[in-house]
Amino acid sequence: MRILLSLVAALFLAPCAMAHEYETGQLHIDHPWSRATPPGAPTGAVYFAIHNHGQQADRLLSADSPVAASAELHTTVNKDGMMGMRHMEQGAEIASGTELRLEPQGNHLMLVGLKQPLVAGQRFPLTLHFEKAGDVNIEVAVQDDAPDAHEHHHQH
Ligand SMILES: [Cu+2]
């Protein structure tokens with residue numbers, strides 16, 4: 001029950017449109033955001049950081065969102081000078097005391113088969129599936145540009 005309550009509290013105590021975060025059990029999810037997409041774009045990407053401040057490792061297994069046919073965890077790889085993306089089929093482990101960062105040019109959650117354009121200023125729901133923490137519902141803020149990495153930790 002405490003997990004549910006703290007999640008609800010995080011939703012209502014985040015009045016700032018540019019910065020929001022979620023606390024669920026051992027995991028802290030910082031500012032999920034997505035870049036706006038042009039009409040007809042087939043894919044989008046979601047970025048956020050997950051910090052595990054618990055004693056046990058957890059694993060982000062998969063995700064889904066009503067705005068896309070599927071959501072895949074991708075890592076960016078440089079193969080012979082060609083940038084490519086690889087689907088992390090086993091998900092990504094978040095060891096105790098570490099952070100999993102999804103950010104431009106790095107790991108990201110790819111929205112495949114976008115059903116609607118992602119419009120700056122709007123939000124859309126996303127469900128993260130964790131091995132231990134279970135399903136966590138978050139909202140992704142759509143932005144024109146990347147949030148200032150230094151500022152958004154302190155905005156409230
Ligand atoms: Cu990708």
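1. Is Arg 101 buried, partly exposed or exposed? Arg 101 counts as partly exposed, at 37% relative accessibility. The cut-offs are these: buried is under 20% relative accessible area, exposed is over 50%, and partly exposed lies in between, with a 1.4 Å probe and protein chains only.

2. A word on the basis of this note. This is a predicted model, in which local features need pLDDT of at least 70, side-chain atom pairs count only at pLDDT 80 or more, and totals for chains, interfaces and linings use all residues. Residues are numbered from 1 along each chain as its sequence is written, and side-chain values use heavy atoms, with hydrogens and water left out.

3. Overall build. Helices (H or I, at least four residues) and strands (E, at least two) are DSSP runs, numbered from the N terminus. Along the sequence the pattern reads α-β-β-β-β-β-β-β-β-β-β-β. The protein has 156 residues, and 40% of them count as buried. Take the contacts between residues at least 6 apart in sequence: 66% of them join residues at least 24 apart. A contact here means heavy atoms within 4.5 Å.

4. The copper site. Four protein donors hold positions 2.0 to 2.2 Å from the copper ion: His 74 (ND1), Met 85 (SD), His 108 (NE2) and Met 110 (SD). Donors are N, O and S atoms within 2.8 Å of the metal (3.2 Å for Na, K and Ca); water is not among the atoms, so sites may look incomplete. The spacing of the donor residues in sequence is H-x10-M-x22-H-x1-M. His 108 and Met 110 are both buried.

5. Why is the arrangement around the copper ion tetrahedral? The four donor atoms subtend angles of 91 to 117°. Four donors count as tetrahedral if all angles lie between 85 and 135 degrees. For reference, the ideal angle for four tetrahedral donors is 109.5 degrees.

6. Salt bridges. The whole structure contains three salt bridges. The term means a side-chain nitrogen of Lys or Arg within 4 Å of a carboxyl oxygen of Asp or Glu. Arg 101 pairs with Glu 99, with the closest N and O atoms 2.8 Å apart. Arg 101 also meets Glu 103, at 3.3 Å from N to O. Glu 99 is partly exposed, at 38% relative accessible area. Glu 103 is partly exposed as well, at 35%.

7. Arg 123 and Glu 139. These two residues form a salt bridge, with the closest N and O atoms 3.6 Å apart. Arg 123 lies in strand 10 (residues 123–130) and Glu 139 in strand 11 (residues 134–143), so the pair ties together parts that are 16 residues apart in sequence. Arg 123 is partly exposed, at 33% relative accessible area. Glu 139 is partly exposed too, at 30%.

8. Strand 10 and its partners. Six of the eight residues of strand 10 are buried. Strand 10 pairs with strand 11 in the antiparallel sense, over eight bridges. Two strands pair if DSSP finds at least two bridges between them. Phe 124 has Val 140, in strand 11, as its bridge partner. Three residues separate strand 10 and strand 11, which form a hairpin. Strand 4 (residues 58–64) also pairs with strand 10, antiparallel, over four bridges. There, Asp 64 has Thr 127 as its bridge partner.

9. Aromatic pair. How many aromatic pairs does a search of the whole structure find? It finds one. Trp 33 and Tyr 47 form this pair, which is tilted, with 4.9 Å centre to centre and 45° between the planes. Trp 33 is in strand 2 (residues 27–35) and Tyr 47 in strand 3 (residues 43–52), 14 residues apart. Rings of Phe, Tyr and Trp (its six-membered ring) pair if their centres lie within 6.5 Å; planes under 30 degrees apart count as stacked, over 60 as edge-to-face and the rest as tilted. Trp 33 is buried, at 5% relative accessible area. Tyr 47 is buried, at 10%.

10. Backbone points to check. His 31 is not a glycine, but has a positive phi of about 45°. His 31 sits in strand 2 and is buried, at 2% relative accessibility. Asp 80, also not a glycine, has a positive phi of about 50°. Asp 80 lies in the loop between strand 5 (68–79) and strand 6 (82–87). Asp 80 is exposed, at 76% relative accessible area.

Terms used: Four donors count as tetrahedral if all angles lie between 85 and 135 degrees; four count as square planar and six as octahedral if opposite donors are over 155 degrees apart and all others between 65 and 115; anything else is irregular.
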